[in-house]
Amino acid sequence: MMQLALTVNSPEWDKPQFRQVAGGFKVPKGSTCVVSIYFLHRDKDVFPDPEKFDPDRFLPENSVKIPEYGYIPFFAGPRNCIGQKFAIMETKTIVSSILRNYTIESLDSRNKVLPQMQVTLYPSIPIRVRIRPRRI
């Protein structure tokens with residue numbers, strides 16, 4: 001996917017120059033590269049019907065089909081999020097607690113609330129939900 005190739009340009013023999021080769025494209029030294037995780041996670045080759053909510057994609061038998069860097073919610077490599085395991089555990093705890101005690105319903109269709117890409121992803125309009133206690 002991404003390779004680091006060493007090249008030596010004369011006359012600076014003592015200063016190795018690097019170029020990165022990504023998908024066959026040469027990226028000039030000093031370039032800034034941005035990985036759009038939003039689009040990476042919607043790659044139809046990796047995630048058929050990417051907009052469909054399908055938690056079964058991440059079952060152990062299905063997740064082996066996802067390339068190593070095909071799904072990186074906390075990024076990857078040596079600079080990935082050091083709080084990843086804690087964040088996942090905390091999210092599971094809080095979401096499961098909420099969903100055990102409440103039902104949550106969106107008041108707007110997904111077609112109405114569109115994503116806006118800024119530094120982080122924002123909804124185009126405020127997200128309206130109805131939260132009701134579960135009847136036990």
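This is a predicted model: local features need pLDDT of at least 70, side-chain atom pairs count only at pLDDT 80 or more; totals for chains, interfaces and linings use all residues.
Apart from neighbours within four places in sequence, the residues in contact with His41 are Phe47, Pro50, Gly70, Tyr71, Ile72 and Pro73.

## Salt bridges

The model has five salt bridges, among them one between the side chains of Arg110 and Glu51, with an N to O distance of 2.6 Å. This pair links distant parts of the chain, since Arg110 belongs to the loop between β4 (102–106) and β5 (115–117) and Glu51 to the loop between α1 and α2, 59 residues apart. Arg110 is exposed at a relative accessible area of 53%, whereas Glu51, at 38%, is partly exposed.

Asp108, which is buried with a relative accessible area of 10%, meets Lys112 in a salt bridge of 3.6 Å, N to O, and Arg128 in another of 2.9 Å, N to O. Because Asp108 lies in the loop between β4 and β5 and Arg128 in the loop between β6 and β7 (129–133), the latter pair ties together parts that are 20 residues apart in sequence. Arg128 is partly exposed, at 43%. Salt bridges with shared partners also join Arg42, Glu51 and Arg110 into one network.

## The second largest pocket

The second largest pocket holds about 660 Å³ of space. It is lined by 17 residues, of which Arg42, Arg110, Val113, Leu121 and Ile127 are the closest to its centre. Strand β6 (residues 121–123) gives the most to this lining, with three residues, and by class the lining comprises ten nonpolar, three polar and four charged residues.

Definitions and conventions
Residues are numbered from 1 along each chain as its sequence is written. Side-chain values use heavy atoms; hydrogens and water are left out. On a 1 Å grid over the protein atoms alone, a cavity is a set of points where a 1.4 Å probe fits but cannot get out, and a pocket is an open set with protein on both sides within 12 Å along at least five of seven lines; lining residues have an atom within 4 Å of a point. Grid points are joined across faces, edges and corners, and a volume is the space filled by probe spheres set on the points. Helices (H or I, at least four residues) and strands (E, at least two) are DSSP runs, numbered from the N terminus. Ala, Val, Leu, Ile, Met, Phe, Trp, Tyr, Cys and Pro count as nonpolar, Asp, Glu, Lys and Arg as charged, and the others, Gly among them, as polar. Contact means heavy atoms within 4.5 Å. A salt bridge is a side-chain nitrogen of Lys or Arg within 4 Å of a carboxyl oxygen of Asp or Glu. Buried means under 20% relative accessible area, exposed over 50%, partly exposed in between (1.4 Å probe, protein chains only).
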